[in-house]
Amino acid sequence: MALALLRFVYAFCFALAGSSALVAGIASPASAQQWTEVREANFKVEMPGPPEQSVQEVTVNGTGEVVDQIERTVTLGATEYFFSHTPYRKMPADLSPAQILLNSRDGRPGQLLADRPLTVSGYPARDYVHEEDGWILATRAVYAGDTLYQLMVVGRAGVQTAPATRRFFESFALTPRQAP
């Protein structure tokens, strides 16, 4: 089951520029989980447990740029939470952040069930939900500066509104850069 879920998760991961973030889930109560804050110079996010980190080399569609996508994953039973951030330094000047987010959304397999634009820490973002073969993929994608941040949860029906999914999505924030 876990291997099949991971294959499903990674099938979603390399859309627009070869990146995505994934989270899978049959939600357990958010309050019952041991939440762990992940903080780097540019962002912070809470994950429902200590994440495993990996780095994947991805090739950006349209530019051929090879970049490192840093991924963090937490698996809780049949729930997988996935967060990634991927720098895109050579994006075409005519490709707007809004279009990058749309391309990321449209590169997912399955049927689009929901989609809404929003802003996160003042940057353009989208929340969208896809369904394929009974699995739900809930995604929040944020494009800030030259980086695509993606938070995903994969699970069965209802995972997109589960308290743990909402907490994971709402915990993400970009932190102001400090002057030297």
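1. Basis of the model. Residue numbers start from 1 along each chain as its sequence is written, and the side-chain values rest on heavy atoms, with hydrogens and water left out. Because the model is predicted, local features need pLDDT of at least 70 and side-chain atom pairs count only at pLDDT 80 or more, whereas totals for chains, interfaces and linings use all residues.

2. Confidence. The protein averages a pLDDT (the predictor's confidence in each residue, from 0 to 100) of 82, and 80% of the residues score at least 70. Over residues 1–28, however, the pLDDT is below 50, although beyond near neighbours in sequence this stretch has 109 contacts in the model, a contact meaning heavy atoms within 4.5 Å. Where pLDDT is low, the predicted coordinates should not be read in detail.

3. Overall fold. The protein has three helices and ten strands, taken as DSSP runs numbered from the N terminus (helices H or I, at least four residues; strands E, at least two). Along the sequence they follow the pattern α-β-β-β-β-β-α-β-β-β-β-α-β. Among contacts between residues at least 6 apart in sequence, 54% join residues at least 24 apart.

4. Surface and burial. Of the 180 residues, 49% count as buried, where buried means under 20% relative accessible area, exposed over 50% and partly exposed in between (1.4 Å probe, protein chains only). The accessible surface, by the Shrake-Rupley method with a 1.4 Å probe, comes to about 8300 Å², of which 52% belongs to carbon and sulfur atoms.

5. Nonpolar cores. A nonpolar core is a set of buried Ala, Val, Leu, Ile, Met, Phe, Trp, Tyr and Cys residues joined through side-chain atoms within 4.5 Å. The largest has 25 residues, and those with the most contacts inside it are F43, V45, M47, F83, Y149, F168 and F172. Elements giving two or more residues to this core include β2 (43–47), β5 (79–87), β9 and α3 (163–171), while β8 gives the most, with four residues. A second, separate core of eleven residues includes V60, M91, L101 and L148. Leaving aside residues up to four places away in sequence, F172 touches F43, K44, V45, F83, V120, V142, Y149 and L151.

6. The three-stranded sheet. An open sheet has the order β1-β2-β10 with antiparallel pairing; two strands pair if DSSP finds at least two bridges between them. β1 (36–39) and β10 (173–174) stand at the edges, each with a single partner strand, so one side of each is left without a neighbour in the sheet. The antiparallel pairing of β2 and β10 runs over two bridges, and K44 stands opposite A173 in β10.

7. Q150 lies in strand β9 (residues 147–155) and is buried, with a relative accessible area of 0%. The side chain of Q150 makes polar contacts (a pair of N or O atoms within 3.5 Å; within protein, one must be able to donate a hydrogen and the other to accept it, and residues adjacent in sequence count only if both atoms are side-chain atoms) with the side chain of S104 at 3.3 Å and with that of R108 at 2.5 Å.

8. Backbone points to check. Most residues other than glycine have a negative phi. S121, in the loop between β6 and β7, has a positive phi of about 55° and is partly exposed at 40% relative accessibility. D133, in the loop between β7 and β8, has a positive phi of about 50° and is exposed at 68% relative accessibility.
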